[in-house]
Each structure stands twice: as C-alpha cells, then as structure tokens.
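Q: Could we go through this structure together, feature by feature, with the general idea before each case?

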Amino acid sequence: MASVHLRIGDLVWGKLGRYPPWPGKIVSPPKDLKKPRGKKCFFVKFFGTEDHAWIKVEQLKPYHVHKEEMIKINKGKRFQQAVDAVEEFLKKAKGKEQVSHNSSNSEDKKLIAADMKGRKNPTKAVKLLIDEDEDDLSAQKVCVQKDKDLNDSDPEPSSVRLIGGAIPCKWESNPGSSMEPISKRLKIIEEDTGSTSIQAADSTAINGSIIPTDKRIGFLGLGLMGSGIVSNLLKMGHVVMVWNRTAEKCDLFIQEGARLGRTPAEVVSMCDITFSCVSDPKAARDLVLGPSGVLQGIRPGKCYVEMSTIDPETITELSQVITSRGGRFLEAPVSGSQQLSNDGMLVILAAGDRSVYEDCSSCFQAMGKTSFFLGEAGNAARMMLILNMVQGSFMATIAEGLTLAQATGQSQQTFLDILCQGQMASTFLDQKCQNILQGNFKPDYYLKHIQKDLRLAIAMGDSVNHPTPMAAAANEVYKRAKALDQSDNDMSAVYRAYIH
C-alpha cells in the first residue's frame, strides 16, 4: 500500500486507545510540549471534544479517504456529533476558499475563453473550465497541498467529551484487527446437522449496520473477554448495566455510558437479558447461587446467558436452577482471545433455549463474527472444551518445537519462518511464536485458564471412557508452568516450562 504523507492542517482519523477511530486535525503542538521519542507522530486535536494528543503515524488515516469506512464502524451519538463538527469546519473553510477562488478565477476564465477561439476542439476547454469550478474536497485532493485550504486553527470544540487518552495500540488493516468494521449484517443459515449458524455477511452490504435490541442488557464479569464484549455492546448502542467483583473495573464502562449494578441480583432484576463471563465453574456457581446472586433476581421471563468456559455438568445445574424460577437459560461460551474480543470478532457457541438465542441476535452480532446454535444446554460447553483442548495442546507443541530447535543449534526465527510458509500457517501460530521470541507474555488468554480447560476436557473424556493422552501430556506441561508462577501470563508462557 502506498505511503500516505501527512502534514499540519490535514484532517485525519486518529486512534485513541481502545476507542473507535475519531476525526481530528493535525495542528502545531504548544511550544512547551515535547514530541515523544521513538516512532514518528503528529499532534492531533479531535473534533467534538476538548481532547488532543500525540498520535503515532500508523494510528492515523486521511479523513476523506476513509470517511465512509469509519462511519460504518461507529454509530454512536457522540461520534456523529464529532463528524458533524468536521463537516461544519469544512463548510467554513470552503466558504473562505470560494471567496478567494472566485476573485482569481474571473481572470482565468477570460484567458480560457480567449484561448478557446484558437482551438479546433473547444469542448475540451469547456470541460476543463467546468472541472476547475467543481471545488470538491475529494479524497484525491485531500492529501495534496492542503496547507492553502485549511489554516492551522483549532477544531471548534463542542460540549461533547471523548473519554480516553492516547494509549499505544496496533491499528492495522489485516482481518481481525481493530480496523475490521464491527457493524455487520448477519444471516441465519440452517445446516444439515440441524444446528444453526449466524454468520457475518459482508459489512458493506445493504442494511449492514446493527440495530441494537430494545431489551435491557446486563453483564457480569469484566475480565479479559468480558471487557471487550461490553465495550462492543455499548458501541453498537445497547443499553447495558454492568457488575464486577472488583468494582473499580466498572468505572471505564460507566464513563462510556453503562449503568452500574450493585449486585448480580440487582442487575438480573433490572435487565431483560443478563450475560455472565467469569473464570471457572466455582465462580460461575457462586455468581448464581451465592449471597445477592443471580438466582435472587430471577423472575419469570428473565433471560440468563452463561458465557464462561465451564464443564457441562455445571451448565446443566445452572440451567435447572434458573428455569426452576421461571427464568430462561442459554449457554454461550466464546472462542477467541482478548484482542478478538476487543475487535468484536469472537466465535460464539450457544445452546439451550432457542428463543433466548434469537433474542440475543444483536448482542451476538456486536461481539462476534459468527454464532452457532448447538441444541440442548451442555453441548456448547462440550464443544468449547474440545476446541480449547486442541488449542492448548497445539500451543504446548509449538513451545516444545521452539525449545528443541534452540537445543539443537537451530534458529528459532528460521523455524518460525518455515512454519509460517507451510500448511500450519495461521495468525495464532505467528502471534504466539512472536510473543515467545520477544519474551512478551502479556495475557491475551490466561495460562491458568487454558490449563483449567485442559483439565475439564480430560475429565469429560474420562466420563465417556474416551482416552485423551495428548491433552493429558500438555496439561502436565501447563501445570509445570503454573508452578513457575506463569498463571497470570499468556498461554504462550508455557514455553518457560521447557527452559527451567
């Protein structure tokens, strides 16, 4: 892709942390404000807010070129007000330019008219004159000589505030990145197996935006996965009430427009559909059956959706207690990582009450790229444990290969390069190996959670007398990594179990 040259006065889309791309203008920074060291960046003031920040070049996109694309990503009221502020700014700039343009053009038109007398084909000159009169700020003109079009004045602020600051983040145009439009039209496909898959259609299709449900949504648990899910629900216009065991984690979402629930019982009683996403079976049971728990807020017709990755026995227990109070139950564990959660690109596996699944349609569209309905409660838990068993075993094997390469004097980077050119190539493989080679084990999926999933998958195999020797071997490696204090690191930290 050709590089984009930006300069002071350019209108851009800037990425602020976890927030959607926002319209702004590159301006000169205050004299006493030093530019950060490292990568090239520009000082940007954002429209519709009082925010300004140094933004890295890779987090900036030209405004006009990407306007249509960005508007599809975000439908929020604050965002629309910011876009309106840009358009108002452009009208004023265009008006000033038109005054200057008209005064100078009168002489140009006389020259062109005189020149037409000597031409054999005057039509060309007429076309030239018309084109020059069309003063559109098109994508082609935006990146060329804009210093004359826009002065270095600040964007006009409004009363709307954009929450957040300039947090470093990746902003790439590959599939699954934060540039992937969250707004997407979903279609329901009936499969031969009898299960149903809701799959994301092309986001540019007609009626591609998500229409949020008018039902009140509750969400319990704001961990790595839950945080991204709630953020996307809010971005897509859902009314959300949140609760978390550590209350401070709710603050950011309250600022984004969520409501605060004091207890799980209050959230369930106040909402039509309540989702939960916690760490393990014990946490899931405690959330439902504990003091001020979900069960105390359940009333006939209330929907409870369990998104935690837990065993089918616990799912069955929770389903029974919820429905015994007249509630409606759905399990919907998610396959993915923190990054995919943030990007709204999770895969959702659902089972239980089919009508709840259909009621959750807009929510699943906001948080995921694909959703499957797998029948009776417990089936989604079984499928998720099998998927995570395979993923966890694969990760342990990758780590084993990297350490064996090193032990035999082979280049680990070359080993990775060869893998990524073969049939095993995948984003997962590349990202996890890069984590290992860079010594970066910031959690995208906790090591302790993948070990829990392996343990539950092995137990599930035992319950049907099915051998799981590969998973059992991988489980031991993860247990070794946990003993080395790697529990709260990314699952790729299993690598350290081989080098200690």
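Q: How are H14 and H17 oriented to each other, and why?

A: Two packed helices are described by the angle between their axes and the distance between the axes. In this predicted model, H14 and H17 pack at an angle of about 120 degrees, and their axes are 8 Å apart. Angles of 65 to 115 degrees would count as roughly perpendicular and those over 145 as roughly antiparallel, and H14 and H17 are therefore oblique to each other. The crossing of H14 and H17 is left-handed.

Q: Which residues of H14 and H17 meet?

A: From H14 come Arg382, Leu385, Ile386, Asn388, Met389, Gln391, Gly392 and Ser393, and these meet Ile450, Asp453, Leu454, Leu456, Ala457 and Met460 in H17. By class, the contact of H14 with H17 has eight nonpolar, four polar and two charged residues.

Q: How does the reach of H14 compare with the expected span, and what follows H14?

A: H14 has 29 residues and reaches 42 Å from its first C-alpha to its last, which is close to the 42 Å expected at 1.5 Å a residue. H14 is followed by Gly409, whose phi is positive, near 80 degrees.

Q: Which residues of H10 are buried, and what do they pack against?

A: An α-helix has 3.6 residues a turn, so residues three or four places apart point the same way. Helix H10 (residues 312-324) has 13 residues and spans 18 Å from its first C-alpha to its last, close to the 18 Å expected at 1.5 Å a residue. Its buried residues are Pro312, Thr314, Ile315, Leu318, Ser319, Val321 and Ile322. These buried residues pack against several elements, namely helices H8 (281-289), H9 (294-297), H14 (379-407) and H17 (447-463), together with strands E12 (303-306) and E13 (328-331). Just after H10, Gly326 takes a positive phi of about 90 degrees.

Q: Are Ser292 and Asp485 buried, partly exposed or exposed, and why?

A: Ser292 is partly exposed, because its relative accessible area is 32%, whereas Asp485 counts as exposed because its relative accessibility is 69%. Asp485 and Arg496 are eleven residues apart in sequence and 10.0 Å apart in space, C-alpha to C-alpha.

Q: How far apart are Ser355 and Arg328, in sequence and in space?

A: Ser355, found in helix H12 (residues 354-359), and Arg328 are 27 residues apart in sequence and 8.8 Å apart in space, C-alpha to C-alpha. At 31% relative accessibility, Ser355 counts as partly exposed.

Methods: Residues are numbered from 1 along each chain as its sequence is written. This is a predicted model: local features need pLDDT of at least 70, side-chain atom pairs count only at pLDDT 80 or more; totals for chains, interfaces and linings use all residues. Side-chain values use heavy atoms; hydrogens and water are left out. Helices (H or I, at least four residues) and strands (E, at least two) are DSSP runs, numbered from the N terminus. The expected span of a helix is 1.5 Å times one less than its number of residues. Buried means under 20% relative accessible area, exposed over 50%, partly exposed in between (1.4 Å probe, protein chains only). Contact means heavy atoms within 4.5 Å. Axes are lines fitted to C-alpha atoms, for helices over the stretch in contact, and angles run from 0 to 180 degrees between N-to-C directions. Angles under 35 degrees count as roughly parallel, over 145 as roughly antiparallel, 65 to 115 as roughly perpendicular and the rest as oblique. A crossing is left-handed if the near helix is turned anticlockwise from the far one by less than a right angle, and right-handed if clockwise. Ala, Val, Leu, Ile, Met, Phe, Trp, Tyr, Cys and Pro count as nonpolar, Asp, Glu, Lys and Arg as charged, and the others, Gly among them, as polar.
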